[in-house]
Amino acid sequence: MAASAGPEIERLIGLLAKLPGLGPRSARRAALALLKRRDQLLNPLAAALAEASARVKTCGACGSLDTQDPCAVCADASRDATLLCVVEEVGALWAMERASAFRGRYHVLGGLLSALDGVGPEALRVGGLLARAADGTVREVVLALPATVDGQTTAHYLAERLAASGVAVTMLARGVPVGGELDWLDDGTIAQAMRARRPA
C-alpha cells in the first residue's frame, strides 16, 4: 500500500482489519469514519475499549464474559440449575439468550475439537463440564453445537464422556428453519429434517 497515512493511522487500520468480518478495505473505511468523527465515535470507542479491557472477566463457573464472577446468568437464582446448555463460544450463548428459549445455565467450551487444527479435549473446558454434570444438580445437558463436522465430532465425544454421569444428553434439533422453503435448502438440511421428523 502506498504511504498515504501516518504510522498511527496504518496501525489503527491494521488492528481493525484483524476483527472478524473486516478486511483491509472495510478497516480503512472504519478507520476513516472513526477519525472523521472523533468526538462522537473514536473517543467514546476508545474509552469503552479501555473500560471493557479493565473490567470484563471470564466467569469461573460457565466461561462466559461479564463484569462480575460468577456472571449474571450463573448468579440468577431464577434460572433452572438442572439444565445445562453447552455452547462453543460466548457468541453462541448470547444468541441463545436473544432467542429467550432457554432458562437454564450454560457451559462455554471455548472452541471445538479439530484434528486438523490440533485442538484436542485438553484445549477445551471439557473437565469443567464433566465436573458440573457429575455434581448431582444437573439432570440434562443440551449440546447446542454447530452443525459442522467439528461441531458434530465434539458433540459425539461429549455425549460419550457424559454417559457415565447419568445425566440426559440431548442435542438441538436440526432441519428446516422457521420460514424456510424446501427448494432453497441444501440436501444435508433436508435429510436431517427428515430424520428428525416428529408426529404432527
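In which strand is Leu65 found? Leu65 belongs to strand E2 (residues 65-66); strands (E, at least two residues) and helices (H or I, at least four) are DSSP runs numbered from the N terminus.

## Basis of the model

This is a predicted model, in which local features need pLDDT of at least 70 and side-chain atom pairs count only at pLDDT 80 or more, while totals for chains, interfaces and linings use all residues. Residues are numbered from 1 along each chain as its sequence is written, and side-chain values use heavy atoms, with hydrogens and water left out.

## Nonpolar core

The largest nonpolar core has 18 residues, of which Val86, Val141, Leu145, Leu158 and Leu162 touch the most other members. Such a core is a set of buried Ala, Val, Leu, Ile, Met, Phe, Trp, Tyr and Cys residues joined through side-chain atoms within 4.5 Å; buried means under 20% relative accessible area, exposed over 50%, and partly exposed in between (1.4 Å probe, protein chains only).

Strand E3 (80-87), helix H6 (126-133), strand E5 (140-143) and helix H7 (149-162) each give two or more residues to this core. H6 gives the most, with four residues. Apart from this core lies another of 15 residues, among them Cys59, Cys74, Cys85 and Phe102.

## Backbone features

Asp69 and Pro70 are joined by a cis peptide bond, with omega about 10°. Pro70 is found in the loop between E2 and helix H4 (72-75).

Ser100, although not a glycine, has a positive phi of about 55°. Ser100 counts as exposed because its relative accessibility is 60%.
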